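The sequence and the structure are shown first.

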Amino acid sequence: MAYFKFKKIACLILIIFISTVQFAQQRTGNIVEYFGKEKVNEISEGKLLHIFKNALSLKIQDFSFNSSSFPKEPVFERFLMNPDLKVVENEVFDIDFSGKELKWKVISTDETNTFSNEDLNSSYVYLTYKSNVEKTVLFEASGHTMFIVNGLPHEGDHYDFGWNLIPLKLKKGTNVFVLKVGRFPRIRARLIEPEKPVQFTTRDLTMPDILVEETKDYKGAIRVINASNTWVKNYTIVSELFGITKESKLISIPPMSVLKVPFSIASVSNETNLGTAELMVKLKNNQNQVVSNKTIQLEVKSKYQHHKKTFISSIDGSVQYYSVAPSTDKNSEKQALFLSVHGASVEAVNQANAYEKKDWGNVVAPTNRRPFGFAWEDWGRLDALEVLEDAKNIYQPNPTKIYLTGHSMGGHGTWYLGATYPDKFASIAPCAGYPDLLLYRDSFLKKTLELPQEELTKIGITPEIAYNLNEPSQLTAVEKLMKRAGNPSRTLKLIRNYLHFGVYVLHGEKDDVVPTYIARDMRERLGTFHNDFTYYEYPDGTHWYGNHSLDWYKIFNFFKERTLKNPNDIKNLEFYTASPGVSASSNFITIHQQKIPFEISSFNFSKENSCTIDTENVSLLEVDLTKLNDTITKIVVDGQEINIETNSKLFLNSENGKWTVVNNPSIQEKGPHRNGGFKDAFRHNVVFVYATNGSKIENEWYYNKAKFDAETFWYKANGCIEIIKDVDFNLKKYTNRNVIIYGNKTNNTAWNKLLKNSPIQVENGLVNFGSKKLKGNQWGMYFTVPRNDSDFASIGVVTASGLQGMKATYANHYLVNGTTFPDVLLFDDSVLLNGDKDVKCAGFFGNDWSIEKGDFKWK
């Protein structure tokens with residue numbers, strides 16, 4: 001009983017922590033523009049058909065402090081495994097830690113037609129709708145993390161934006177919706193009868209500012225609803241701005257789905273008046289008929305004003321934006337560039353607007369893909385890199401004057417990106433930041449447990465509960481390997497990379513959102529090895545005490561005094577990484593391969609007396625001597641002398657403790673271009689390919705699973721994922737693009753085109769895993785392998801050996817930051833109830849992408 005009780009207390013502490021952060025973000029103003037204030041309430045996509053005003057709710061505490069790769073979902077497990085399941089008032093779901101029955105209770109909406117009650121925290125909401133006929137509707141709900149309708153999962157509206165519109169075909173009879181309540185204890189749910197089968201919605205636009213000095217076309221993005229049973233093919237969008245039209249062809253949109261699509265917008269003349277302009281957009285079908293149109297307000301500005309820029313992302317072909325606080329100096333070339341990363345819930349526009357314009361450089365604020373996004377990890381990290389490259393191409397900054405800063409979650413992004421890419425920045429300045437996301441979350445429980453026992457008792461934490469909370473969890477070998485896959489995000493393991501540059505730490509003296517002790521801890525850590533950092537606590541400063549919480553003049557004075565080092569001036573160089581696929585290089589040395597995948601690898605270079613390199617966990621190393629002016633004739637690597645004839649690119653391989661000079665590494669092996677981790681498959685203009693060659697149930701499941709993942713990537717990453725049938729996949733048409741396969745060898749016809757030589761083969765009733773053969777229909781798998789017809793593209797596989805295994809793959813926490821996914825995960829349907837602890841196998845392929853040379857753990 002004490003075990004369950006202490007978990008309940010832990011959950012209460014977590015809820016208090018989340019509430020504190022959210023409240024602080026809502027009340028700070030200016031830079032922190034909380035999206036809930038902009039919630040969409042009006043319906044323009046059709047006629048309101050039904051408002052859900054009565055429901056059942058079930059409260060089940062979520063005891064986790066950090067995101068799991070496999071969340072425990074006993075409620076969803078029942079509705080996934082039994083799509084026809086119905087529940088009634090006071091039906092008992094289970095019993096809690098005290099033996100009390102957990103019952104479905106009746107709830108009703110308030111005057112705003114919202115289910116709103118503090119007791120909805122950690123709850124599920126059960127809705128039903130009886131339809132007299134089969135009917136197509138748009139399900140519009142908000143405040144939920146995800147939902148299941150008639151046994152199939154869909155993405156939710158975590159942040160209560162009011163954006164989600166999910167086309168559904170209601171069956172005749174009772175339709176069951178089960179929603180998991182999100183970070184706020186409120187849910188709204190409505191059914192809309194769509195005005196048209198295919199139409200625009202202006203919920204969640206991505207638009208540029210139009211700059212009168214620029215002559216190139218712009219990119220915008222708008223969502224297209226396909227509430228029909230047929231594919232939307234060969235449609236176009238025609239945009240018109242000041243009488244100038246641009247036509248854009250759309251990728252195909254699957255039936256019963258919504259896709260946010262890119263389109264072109266014309267430039268304007270430099271004589272155009274500044275202010276608001278109307279952009280007309282028309283959606284034309286393959287018969288050139290207009291099926292939908294909208295008018296969108298755009299801002300026409302000068303490039304010397306704060307403004308937004310858009311670009312096409314190479315991750316998924318979507319339109320992303322970043323915001324700019326331009327330099328006041330209109331003439332000077334080779335100015336500085338300041339990359340500023342925002343905090344949780346902050347729009348990039350508000351981040352840039354918090355800065356006064358500088359007279360020696362441009363401030364550029366990327367989006368992290370969304371205001372909450374990925375905490376600047378995963379696709380948030382890639383977004384920061386894409387924006388940095390785009391801004392460098394536009395502004396052509398002095399390459400030695402590129403700087404990194406950010407506030408709150410952006411302070412974390414500064415610590416993290418600075419540690420991950422240390423040779424990209426001349427200095428960094430984290431403001432109100434925390435170095436490690438998981439440690440930050442855990443720190444609140446830790447600080448609570450440091451209270452005197454008398455205080456703990458007052459909040460219900462007995463000595464026994466405190467002891468249990470302090471006990472470290474016992475991880476299985478499989479869980480330990482899964483945890484290792486998260487090492488690229490463990491910033492403190494890369495802490496010595498800060499030796500590359502100067503560090504300015506700014507924190508409010510009385511910050512209770514990111515507590516000041518976190519900054520003080522970093523000051524202490526830096527003090528043990530770093531000789532170029534400044535620490536400043538703003539007197540009486542809270543988390544946000546005005547724009548100078550990040551636009552602090554002393555930071556920019558600090559930046560101005562520092563530049564990136566010329567490689568020829570470097571006498572000592574240390575570099576650390578957990579994956580060459582995330583970060584491989586510093587200056588002229590690159591780690592291509594590791595001995596133990598995703599453990600920390602490093603090199604320590606010195607040319608004080610002679611040229612030496614000491615390494616840890618490195619099996620393939622590149623030294624680019626062409627970047628150095630010195631004539632080097634000998635390098636000592638881990639104590640072994642290697643003679644060199646000319647300054648060139650040198651590749652060194654370590655085997656059995658001996659280094660040898662080798663030829664260029666094979667692109668078919670692991671390296672910086674493609675190093676694995678399942679999440680890495682979701683990039684390089686990824687396309688989802690679903691099975692159509694199975695049974696009716698299989699085809700429906702894999703199609704919906706692909707749609708669910710695409711919905712999630714849109715919501716979390718402002719994404720645009722192309723989904724196609726297996727029979728429509730063509731190697732040449734989709735060349736050099738990453739592919740996610742949904743299905744197995746039996747039911748997905750693209751399997752043999754892409755995975756014929758994969759070391760893992762999955763078919764109905766059987767998994768061939770190297771020398772192991774696993775029979776049964778309960779197996780599910782995620783794995784990634786290289787695409788053999790590409791120098792860099794990968795294949796991700798979401799597969800199962802049968803119906804039970806298919807249901808086990810329902811969750812897509814591989815699209816959530818803070819979760820950890822190695823190359824391969826094998827599991828069965830028990831993970832729905834028991835989570836990570838029931839994963840049967842986790843592992844990394846070898847550097848040759850083989851199982852035999854890989855690192856796998858089994859349960």
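Asparagine 90 lies in the loop between α2 (74–81) and β3 (92–95); helices (H or I, at least four residues) and strands (E, at least two) are DSSP runs, numbered from the N terminus. The model is a predicted one, in which local features need pLDDT of at least 70 and side-chain atom pairs count only at pLDDT 80 or more, while totals for chains, interfaces and linings use all residues. Residues are numbered from 1 along each chain as its sequence is written, and side-chain values use heavy atoms, with hydrogens and water left out.

**Backbone angles**

Most residues other than glycine have a negative phi. Asparagine 90, although not a glycine, has a positive phi of about 70°. Its relative accessible area of 43% makes asparagine 90 partly exposed; buried means under 20% relative accessible area, exposed over 50%, and partly exposed in between (1.4 Å probe, protein chains only). Tryptophan 849 is likewise not a glycine and has a positive phi of about 65°. The loop that holds tryptophan 849 runs between β49 (841–844) and β50 (855–858), and this residue is buried, with a relative accessible area of 7%.

**Valine 582**

Valine 582 is placed in the loop between β30 (572–577) and β31 (585–586). Because its relative accessibility is 18%, valine 582 counts as buried. Neighbours within four places in sequence aside, valine 582 is in contact with Arg381, Tyr416, Thr420, Tyr421 and Pro488, where contact means heavy atoms within 4.5 Å. From lysine 401, valine 582 is separated by 181 residues in sequence and by 23 Å in space, C-alpha to C-alpha.

**A three-stranded sheet**

An open sheet is formed by three strands in the order β43-β44-β45, with antiparallel pairing; two strands pair if DSSP finds at least two bridges between them. β43 (760–763) and β45 (772–775) stand at the edges with a single partner strand each, so one side of each has no neighbour in the sheet. On average, neighbouring strands of this sheet are turned by 10° against each other, direction ignored; axes are lines fitted to C-alpha atoms, for helices over the stretch in contact, and angles run from 0 to 180 degrees between N-to-C directions. β43 and β44 (residues 766–769) run antiparallel and are joined by four bridges. Glutamate 763 stands opposite leucine 766 in β44.

**Cysteines and salt bridges**

The structure holds zero disulfides, a disulfide being a pair of cysteine sulfur atoms within 2.5 Å. Cysteine 431 is buried at 0% relative accessibility, and cysteine 841 is buried with a relative accessible area of 0%.

The whole structure contains 39 salt bridges, each a side-chain nitrogen of Lys or Arg within 4 Å of a carboxyl oxygen of Asp or Glu. The table gives examples.

| Salt bridge | Closest N and O atoms |
|---|---|
| Lysine 103 – glutamate 101 | 3.5 Å |
| Aspartate 378 – lysine 679 | 3.0 Å |
| Arginine 496 – glutamate 574 | 2.7 Å |

Aspartate 378 lies in the loop between β25 (361–365) and α4 (379–395), and lysine 679 in the loop between β39 (658–662) and β40 (687–690), so this pair ties together parts 301 residues apart in sequence. Both aspartate 378 and lysine 679 are buried.

Arginine 496, in the loop between α9 (477–484) and β28 (502–508), and glutamate 574, in strand β30, are 78 residues apart and link distant parts of the chain. Arginine 496 is partly exposed at 31% relative accessibility, whereas glutamate 574 is buried at 15%. Salt bridges that share partners also join Glu45, Glu140, Arg188, Arg190 and Arg203 into one network.
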